Structures are given as C-alpha cells and as structure tokens.
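Student: Can we go through this one together? I'd like to start with the aromatic rings.

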Amino acid sequence: MAAAAAVAGQGETDELFDVRNNFYIGAFQAAINEAQRVKPSSPEKEVERDIFLYRAYLAQRKYGVVLDEIKPSSCPELQAVRMFAEYLSNENQRDAIVAELDKKMAKSMDASNTTFLLMAASVYFHDQNPDAALRALHQGDSLECMAMTIQILLKLDRLDLARKELKKMQEQDEDATLTQLATAWVNLAVDSSHPETLINFVVLSQHLGKPPEVTNRYLSQMKDAHQNHPFIKEYQAKENDFDRLALQYAPSA
C-alpha cells in the first residue's frame, strides 16, 4: 500500500502507519487485518502493534479475544488495554475496577505510558466521570491524549477549551491524521453548515479514502447552501468542462 511508505519524523518508514490510521478513522477490521499482516522490526514496535490490534477488537466489542490473549505476564501497556476490556465486559466488577484504578492514579504515574492514560480516561468516561478522564489525559502530551481530551470537552460543551487543545495539537503536528480529525470535530461543533467546514470535510473524506457518496454528501450541502462560494463555482466549472469533453468523445448514434 502507498500509505505504508509513509515516512516517520526520524526519516524512517513508519511500518505501523496503516494500522494506526485505520484505527483512528474507525476502520477497525482494516486495522486488525493490517496488524496481523505487518512484521514489526523491533519488540517495541511489536508491543505498539498489539496495542492497536487489541484496541480495535475492543471497539468491535470482542472483549473475549482481548481477555484470552493478554496474559498477566504481558507488558504494562497491554495490561492497561486488558483493564478496559474487563471493565466493558463485566458490569458487576466495574466499581472494583474503578476503585483499583483510583489507587493507581493516586500514585506517581509514568506519564510516558500513553496507553495507560488513554485506557484510564476511557474507563472514567464510560463511568460518567469526565473530570477524572480529563485529569488522566492531561498527564500525557501525545496527540492521541489531546484528541480524546477534545472529544470529551466537546461532549461537555466546552468549545473554548477544545479550541485551545486543538491549537496545541496543530503546533505539535498539523498534518497528522488525528489533528485533521480533531480540526473537523471542532469545526463541526462551531457550525456544521459553514462553507469552510464543509470544504474541510470534502478534502478530509477524500484524504482518508472514504466512499464517493460521503464526499458527494458534503458537496451537495455546499451546492444547496453556498452556491455562490468560489469553491462551488470552480467545482461546477470543472464539472461542465468534463461534461463537454464527455459529449465530444461520446460515440455517435
């Protein structure tokens, strides 16, 4: 795949680019397929691959796979994923799992364990405790922690704080898929019918390889609400050029 040739900041090929990207855009089965295909080049990459693999299974509600395959001897990052699987799969144990998590959060945390912070925040958010979720996320500085922070802030109608968090993401890596997605969420919260927002969605849906009908839906909204916008005028001019050329080369009856 072309995306597999994406280049990491260190100038090396990012071998997990497709796994990560598919997970971020919600293509969980594609993330699982890619994770099972890829051959990690180091133990660290293998752990990272497994984190996204098992998180994708969680998103598909396949909790049993995660609980069966992540052993007590697995690394701390995978144990964090297992904790979230236990929480989601066992309602009777949820209070005990949250109490145990509270104890861990009260100790000095390893802020570099992004997976633990994300899983802790996910448990707290599912447990109707967004404040605790945000406290966990604020200990990390990864794009994924920031993106989840924005999702929670938007659910709390704190658009002002979501914008500040987005600015931090843009300063860290403006071109990252997560930053592009977070920009779209914030713009949608501001005004889902704003022309610049719709144009962003058109570009993003094409960039992420969404089906043509998704792009066409945004274009139809643009045409209906903003027919005099320069983007639509230019788009329609290109459409007319294409139709004219198609007629020119159509076989005569």
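Student: Which residues do the ring pairs link into a cluster?
Tutor: Phe-23, Tyr-24, Phe-28 and Phe-52. Keep in mind that this is a predicted model.

Student: How many aromatic pairs are there by this rule?
Tutor: The count is five. In one of them, the ring centres of Phe-23 and Tyr-24 are 6.3 Å apart and the planes are at 65°, so this pair is edge-to-face.

Student: And how are the rings of Tyr-24 and Phe-52 arranged?
Tutor: Their planes are at 80° and their centres 5.9 Å apart, so that pair is edge-to-face. It links distant parts of the chain: Tyr-24 is in helix α1 and Phe-52 in helix α3, 28 residues apart.

Student: Are Tyr-24 and Phe-52 buried or exposed?
Tutor: Both Tyr-24 and Phe-52 are buried. Phe-23 is buried as well.

Student: New topic. How many residues are in the largest nonpolar core?
Tutor: It has 63 residues, and Val-66 is one of those with the most contacts inside it. Helix α9 gives the largest share, nine residues.

Student: What is Val-66 in contact with, leaving aside neighbours within four places in sequence?
Tutor: Its contacts include Tyr-54, Leu-58 and Val-81.

Student: What about phi, where is it positive in a residue other than glycine?
Tutor: Arg-61 is one case, with phi near 65°. Asp-157 is another, with phi near 60°. Most residues other than glycine have a negative phi.

Student: Where does Arg-61 lie?
Tutor: In the loop between α3 and α4. Asp-157 lies in the loop between α9 and α10.

Conventions
Residues numbered from 1 in each chain as written. Predicted model: local features only at pLDDT ≥ 70, side-chain atom pairs only at ≥ 80, totals over all residues. Heavy atoms only, no water. Helix = DSSP H or I, 4+ residues; strand = E, 2+ residues; numbered from the N terminus. Core = buried A, V, L, I, M, F, W, Y, C linked by side-chain atoms within 4.5 Å. Buried < 20%, exposed > 50% of the residue type's maximum accessible area, 1.4 Å probe, protein only. Contact = heavy atoms within 4.5 Å. Phe/Tyr/Trp six-rings, centres within 6.5 Å; stacked < 30°, edge-to-face > 60°.
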